[in-house]
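Please read the briefing below alongside the sequence and the coordinates. It moves from the whole chain to single residues.

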Amino acid sequence: MTTTGNGPQDAATTTPRAAAPVSVDTRSAEAPTASTSTPALLRTAAELDALPRPAGAERVVVMTMGALHEGHATLVRAAREAAGPDGQVVVTVFVNPLQFGEAADLDRYPRTLDADLATAADAGADAVFAPGVDEVYPGGEPQVRITAGPMGERLEGASRPGHFDGMLTVVAKLLHLTRPDEALYGQKDAQQLALIRRMVRDLNFPVRITGVPTVRDADGLALSSRNRFLSPQERHTALALSHALFAARDRLAAQQALHERALATAPGSGADRAAGLNRLGEARAAADAQAVALARPNGAPAAVRATARAILDEAAARDRHPLVLDYLALVDPADFTEIPDDRESGEAILAVAARVGETRLIDNIPLTFGALT
């Protein structure tokens, strides 16, 4: 998912790195070989401060809350590639209490540090910073926090009040503590990534923020530490999230391709364009071509929403293990406001959140309107 705005990126951001669409080994032959030695385990800010920085090379950081899976491993491998063989990759593992609305959710979050160390080592990390809560918040919950502002009150912020304030506060602290040249974050958490980029730009943090595309299982489900809580039947229902996003993306691509071909086939009236398609033997497409060619291409946002909604509604109507939709939103990556139905061009993010059983899941996909016109 891309989370950059419609305009040029500021100096603190970079173009998202490429990643495989499914959770397979994404290491390429050209990528630096990952270290298989155990990374240094650092528990305190003093130990982190004593970690020697690479001379003439960069430190790249990946921030996590632990319970590492292939999505995290992809981030670490991308960090290893960005840092190069002489650079340094630091992975942080910290379950931030400020991001949880209920104590039960905080207690339920999996802690798997030994497995996390092995995953980090296999992916090429040089050090893992895994502080305790008292180390990060020595005086208890901080009185001064980063405020996410209006963007942080939309979508995830509306469903989880205060979540993004807590997220930005800990990210700011960890950026100060780790002092990286570059920090990588997954695009599955698109609103989080957008807010981190905004904070870094607005508050002049001296770091590059890079997004890494969402990693998915072979069935399309976005990798998440929460997936382990899904029963097989619930997982089947949860696939509606990615199916809805992919169907909407395909609908947009088909609509834009049809509009482009209708315009290119014959420069005359809409009927002439439809006839042109007929002459090419595309009789079924010709029926839609006239309407598409005569209309301005401003129905795409509505079509995208409707396509995704139909699949989600079907999953919500199941007798067993239904999907409970939180939101489906087509938003501007710059500020996460809703895209109007008359939008003809530009970047967008189609985002969805839903609960299946007791597990809340999020997913999103980047879209580009007017790509072919």
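Predicted model: local features only at pLDDT ≥ 70, side-chain atom pairs only at ≥ 80, totals over all residues.

Residues are numbered from 1 along each chain as its sequence is written, and side-chain values use heavy atoms, with hydrogens and water left out.

**Whole chain**
- The protein chain has twelve helices and nine strands, taken as DSSP runs numbered from the N terminus (helices: H or I, at least four residues; strands: E, at least two).
- Of the 373 residues in the protein chain, 49% are buried, where buried means under 20% relative accessible area, exposed over 50% and partly exposed in between, with a 1.4 Å probe and protein chains only.
- Among contacts (heavy atoms within 4.5 Å) with a separation of 6 or more, 76% come from residues 24 or more positions apart.

**Helix 7**
- Helix 7, residues 163-178, reaches 22 Å from its first C-alpha to its last, close to the 22 Å expected for its 16 residues, the expected span being 1.5 Å times one less than the number of residues.
- Twelve of the 16 residues in helix 7 are buried, including F164, M167, V171 and L175.
- Just after helix 7, R179 takes a positive phi of about 50 degrees.

**Salt bridges**
- The count comes to 19 salt bridges, each being a side-chain nitrogen of Lys or Arg within 4 Å of a carboxyl oxygen of Asp or Glu.
- R216 and D363 form a salt bridge in which the closest N and O atoms are 2.7 Å apart; this pair, 147 residues apart, links the loop between strand 6 (208-212) and helix 9 (232-265) to strand 9 (residues 359-369).
- R216 counts as buried because its relative accessible area is 7%, and D363 is likewise buried, at 4%.
- E70 and R77 meet in a salt bridge of 2.3 Å, N to O; E70 is partly exposed at 23% relative accessibility, whereas R77 is buried at 11%.

**T307**
- T307, in helix 12 (residues 300-316), counts as buried because its relative accessibility is 14%.
- The side chains of T307 and R251 are joined by a polar contact of 3.2 Å, a term for a pair of N or O atoms within 3.5 Å; within protein, one must be able to donate a hydrogen and the other to accept it, and residues adjacent in sequence count only if both atoms are side-chain atoms.
- A polar atom of the T307 side chain also lies 2.8 Å from the backbone oxygen of A303.
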